[in-house]
Amino acid sequence: MMFNPLRLTHCLRTALLTLAWVLLASCSDLRELANTQQKDTTQIHNYDHSLESTGALVSAFYGLDNALPFFASYFLCGEFGHRDGMPVVFSQELDLNTVEAGDFSVAFERGTTQVACVTPAPATDQGEFRTLLLVGDFGSMTSPPIDVSVTGNLISLDHRTNFKNTQVRVTPLEAGPSLVYAEIVDVEHFQLGRQSTMFPFGGGDGCPLGTKQVVRVVWSGGVTKPGGEEIDDLEREAYRVSLIDGSTVTPFAIGDLGDGDNNHELCLKSGIQAQRVEFPAGLLTDPREDLNPATAIVLQHPGVDIHESPIAPKLR
Ligand SMILES: [Ca+2]
Ligand SMILES: [Ca+2]
Ligand SMILES: [Ca+2]
């Protein structure tokens with residue numbers, strides 16, 4: 001076929017328009033997940049089997065001070081100008097229909113502030129709705145946030161827990177990310193061989209075919225290599241997974257990569273139940289480039305009180 005510059009220009013324009021359309025459509029999907037409602041509008045009588053005090057707010061990570069890119073809060077929340085982001089992690093997954101920005105209060109040494117917007121993005125894969133990103137103005141290194149409280153009705157995915165009145169101390173800005181939750185993924189949710197999306201957020205890849213056991217680990221905030229690249233074999237080989245027979249294994253692959261969130265899936269060749277994960281200091285960084293400390297976590301079972309069940313579940 002003869003080279004035709006007009007045809008090439010047309011093709012390029014079509015490709016760029018398509019890409020722009022896909023990006024805009026994706027951002028609009030992202031914004032639909034966000035909530036800017038400043039009041040708790042959850043009708044609690046619809047969740048009358050939910051109990052307070054059975055769940056925990058596990059972490060609040062002040063990892064970004066005036067560091068959200070200018071357009072990020074628009075893409076995430078549909079509003080310009082919010083520059084701070086603070087991921088919070090719960091002991092269970094949430095029913096997103098019950099999540100409003102007004103469910104949260106952030107306390108400082110003097111006074112409190114509301115959250116402008118809350119979104120599960122970029123942790124939006126199946127099994128990841130325990131992390132929310134709070135977006136707003138959360139002070140600075142010299143006037144840091146101290147506590148995050150849930151002041152509204154915020155209900156777990158199984159509708160058995162109301163997180164209202166839970167509270168957690170904020171991890172300081174200069175601290176690095178640590179492991180805050182881990183669980184065995186149900187076999188029916190493995191999604192082996194799944195490809196990540198073409199976007200730098202939402203939709204990580206799955207473990208490879210042949211994986212016998214998947215352990216989801218959740219960090220207190222988004223993690224990458226120093227400099228912002230996605231992790232590779234160096235970090236994979238640093239993970240240590242203890243099994244109930246006393247042996248220790250290293251994941252043969254890592255899933256849920258390429259999506260900019262705080263989750264990793266540890267892909268194991270062993271079907272012997274995992275019970276604990278540890279990771280050494282100094283390999284991963286948060287968006288501020290603070291290095292992780294040495295960190296370890298005992299696996300929990302989804303839906304079980306994090307304070308009462310330090311023992312790993314049976315594989316189904
Ligand atoms: Ca609510
Ligand atoms: Ca993910
Ligand atoms: Ca991920």
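These legends walk through several close-up views of a predicted model.

Local features are described for pLDDT of at least 70 and side-chain atom pairs count only at pLDDT 80 or more, while totals for chains, interfaces and linings use all residues. Residues are numbered from 1 along each chain as its sequence is written, and chains are lettered from A and ligands numbered from 1 in the order in which they are written.

View 1. Helices (H or I, at least four residues) and strands (E, at least two) are DSSP runs, numbered from the N terminus. Of the 316 residues, 41% are buried, meaning that 20 or more other C-beta atoms lie within 10 Å of a residue's own, with C-beta atoms placed from the backbone. Two residues are in contact if those C-beta atoms lie within 7 Å. Among contacts with a separation of 6 or more, 74% join residues 24 or more positions apart.

**View 2. The largest nonpolar core holds 60 residues.** Such a core is a set of buried Ala, Val, Leu, Ile, Met, Phe, Trp, Tyr and Cys residues joined through C-beta atoms within 7 Å. C117, V118, L134, V215, L266 and V277 touch the most other members. Domain 1 (44-171) and domain 2 (179-298) both contribute residues, so the core lies between them; the bounds come from an automatic or database domain assignment.

**View 3. V277 sits in strand β15 (residues 274-279), facing a partner in β16.** Its bridge partner there is I297, and four bridges join the two antiparallel strands. Strands pair if DSSP finds at least two bridges between them. The open antiparallel sheet runs β12-β11-β15-β16. Because β12 (248-249) and β16 (295-298) each have a single partner strand, one side of each is left without a neighbour in the sheet. Beyond four places in sequence, V277 touches residues including L179, V215, Y239 and L266.

**View 4. T42 lies in the loop between α1 (5-33) and β1 (57-61).** Is T42 buried or exposed? T42 counts as buried because it has 22 C-beta neighbours inside 10 Å. T98 is 56 residues away in sequence, yet the two C-alpha atoms are 5.4 Å apart. Beyond four places in sequence, T42 contacts T98, G152, N153 and I155.

**View 5. Take care with residues 1-25 and 303-316, where pLDDT is below 50.** pLDDT is the predictor's confidence in each residue, from 0 to 100. The chain averages 85, and 82% of the residues score at least 70. Where pLDDT is low, the predicted coordinates should not be read in detail.

Note on methods: Buried ≥ 20, exposed ≤ 12 C-beta atoms within 10 Å, placed from the backbone.
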